[in-house]
Amino acid sequence: MPQPTDQPQLTPAIVAEQLTKSFAATTAVQELSLSVFPGEIFGLVGPDGAGKSTSLRMLATIMNPDSGSARVAGFDIAREAASVKDHLAYMSQKFGLYQDLTVGENISFYADLYGMSRKGRQARIEELLDFSHMRPFIRRRAGDLSGGMKQKLQLVCALIHTPKVLLLDEPTNGVDPVSRRDFWRILHRLRREQVAILLSTAYLDEAERCDRVGLIDHGRLMATGTPAEIKKLMGGHILAIKSPKARKIVGLLRGLPFAKSVNLFGDTVHLVCASGTGCAGQIATLLDQAKIDYQQLREIEPTLEDIFVSLLGDSGEAAQLPAAEQVVVHAGIKKDATPAVQVEHLTRRFGTFTAVDDVSFTVQKGEIFGFLGPNGAGKSTTIRMLCGLLGPTSGSGMVGGSDIRLEAEHIKQHIGYMSQKFSLYEDLTVSENIDFYGGIYGLSGSRLAERRNWALAMAGLEQHKTSLTSILSGGWKQRLALACAILHEPPIIFLDEPTSGVDPLSRRRFWDLIYAMAEQGITVFVTTHYMEEAEYCDRIALIYGGKMIASGSPLELKTEVMRDKIIDLRCPEPQELIAPLKGLTEIRDAALFGTGLHLVTPDAAAAEAAVRRLLTDLNITEVAMETIMPSMEDVFISLIEEVDRRNGQTQGKPEARP
């Protein structure tokens, strides 16, 4: 990856100096200074409301700074805004697509917008369609695309005029791991073409892939450097403890005198200890005394998420909230053998298109059930049928003992439902949103007042109850939406992509609430694209192309269902090795994973030998390679690709409606 400090001849494509922007009494961005060079990917990371989007909007000339200056592609954003726009592509969090136009019509519209000549545009369109894999969908309406496909189409539209600078505001929010990998493949190709890329992201593993990273909080840039340089900010060292009882271990270790912080990462606990304490032995003793099984206890290098949580965890909004167990009100639910949700041969068609195809599963009371699948696999359609919002074409389903065909209205009154868009009214205040949902669920008088107080406490919004919902950060909106969804204390709650676009601190807080609800008997049915979150579920079902392709606990999926092996490869310039590694017959796939690569193979020993021969031929010696237990992302992608191989599909796979 390029090191700008080693290349003084390069002129930065983006230079910001002391940029500041305030809204009334709130300073959104404070004296921001940074530079991004041609052929560099710079990641801007920070909690919700930190100032990331405002920074990008100022650089895109959509918003004027109060003070400070910036140059983009050599032009001043204040005095030469038109010239900046000629050399810039900006992709916001909200899709800038025309839903009633086809993929091809959207691309042609943006080509007209950027003033491309008719003569020269077709070759560029053909190139973009091929490298984005969008050609099979050229005649499909944009409104009928899944979220991942919309993201790729928006990027294609932004790149139609080959910009010098690309600004991306959380471009992979709500996008499944398969589409995220496609997206990053596209970004690295642009990087090789010397496009300067500045992106904000809520995925810290994506930030690991950037050449440099800026950590922003409360509008201030706290640290800038390569991922390796940022990781040096971590005080102490990190012990990783992998265990099926990871959450129990967190409770055991928090509060210990040598534990600076304890955080959960899927089925692994990261414990930050002061250097030289020798706490590994003490932890092993504690775990043995508590009779908690664990597969791994070792010191590891910190991840960017470790740094993020360590630096911001004590000062972020999550620290202002009461403990989860203090705000979840007991719903009086009795656990018994009766399933909370039972589905048999559920099918839903839209005309000739089958969105959900013969799906069957059971969810027990008090269980956290994860429903995974790529964009458009049929997850949201299934949830809408279970919530009584959409009738099935065939098959049956029972939710809380009620038939989804015959008792849809009864189901709606006895479940909680939190959609991908949070279903809040932006022009109402926080309290007004709570009162509105309370009225829908039949709450009034003292009972509504009691539940309103509870909701404000759960969301940490007591001091913001009169604020308009539109001004809240993503994390606050998320908790408010959850509070509104469970205001009436339902025994079953459906969460459809509830943490999409929310920063790691808010996601952790949200899952604390989910666990607290499950411990009180509430059944949680959740869809997510964060594979780390899938680790937190008791059981998982994987749906693809409308069909169920796997189910089981996270450990069962990793050790019994997935047949491929995973090799973790750490090396310089991992992106440049993907193509030659994929050329090896022993390797099924190779993809970026954090700062390294995950190689998929049916035979780990043969693959390792082949990889070592390749690395020797390429004169690459600084490598570390080991066969590891697959992550949930590995499982997710491997099982989907296994279905594709079985069906003889590669690219241009048919996709379901979202």
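**Exercise 1. Find the handedness of the link between cysteine 273 and cysteine 279.**

Solution. Start with the torsion: the link of cysteine 273 and cysteine 279 has 110° about the S-S bond and is right-handed. Next, check the distance: the two sulfurs are 2.3 Å apart, and a disulfide is a pair of cysteine sulfur atoms within 2.5 Å. Then look at burial: both cysteine 273 and cysteine 279 are buried, where buried means under 20% relative accessible area, exposed over 50%, and partly exposed in between (1.4 Å probe, protein chains only). Last, a search of the whole structure turns up 1 disulfide. Cysteine 571 takes part in no disulfide, and the nearest cysteine sulfur, that of cysteine 210, is 17 Å away. Cysteine 571 counts as buried, at 11% relative accessibility.

A word on the ground rules: this is a predicted model, in which local features need pLDDT of at least 70 and side-chain atom pairs count only at pLDDT 80 or more, while totals for chains, interfaces and linings use all residues. Residues are numbered from 1 along each chain as its sequence is written, and side-chain values use heavy atoms, with hydrogens and water left out.

**Exercise 2. Work out which residues of helix H3 are buried, and how they are arranged around its axis.**

Solution. Helices (H or I, at least four residues) and strands (E, at least two) are DSSP runs, numbered from the N terminus. H3 covers residues 103-113, and its buried residues are Val103, Gly104, Asn106, Ile107, Tyr110 and Ala111. Viewed down the axis of H3, they fall within an arc of 165° (taken from the directions from the helix axis to the C-beta atoms), so they line one face of the helix. Just after H3, glycine 115 has a positive phi of about 75°.

**Exercise 3. Describe the lining of the second largest cavity by residue and by class.**

Solution. List the lining residues, those with an atom within 4 Å of a cavity point: Glu305, Pro504, Arg507, Arg508, Trp511, Glu532, Glu533 and Tyr536. Now sort them by helix: H18 (504-519) and H19 (531-534) each supply at least two, and H18 gives the largest share, 4 residues. By class, the lining has 3 nonpolar, no polar and 5 charged residues.

Note on methods. On a 1 Å grid over the protein atoms alone, a cavity is a set of points where a 1.4 Å probe fits but cannot get out, and a pocket is an open set with protein on both sides within 12 Å along at least five of seven lines; lining residues have an atom within 4 Å of a point. Ala, Val, Leu, Ile, Met, Phe, Trp, Tyr, Cys and Pro count as nonpolar, Asp, Glu, Lys and Arg as charged, and the others, Gly among them, as polar.
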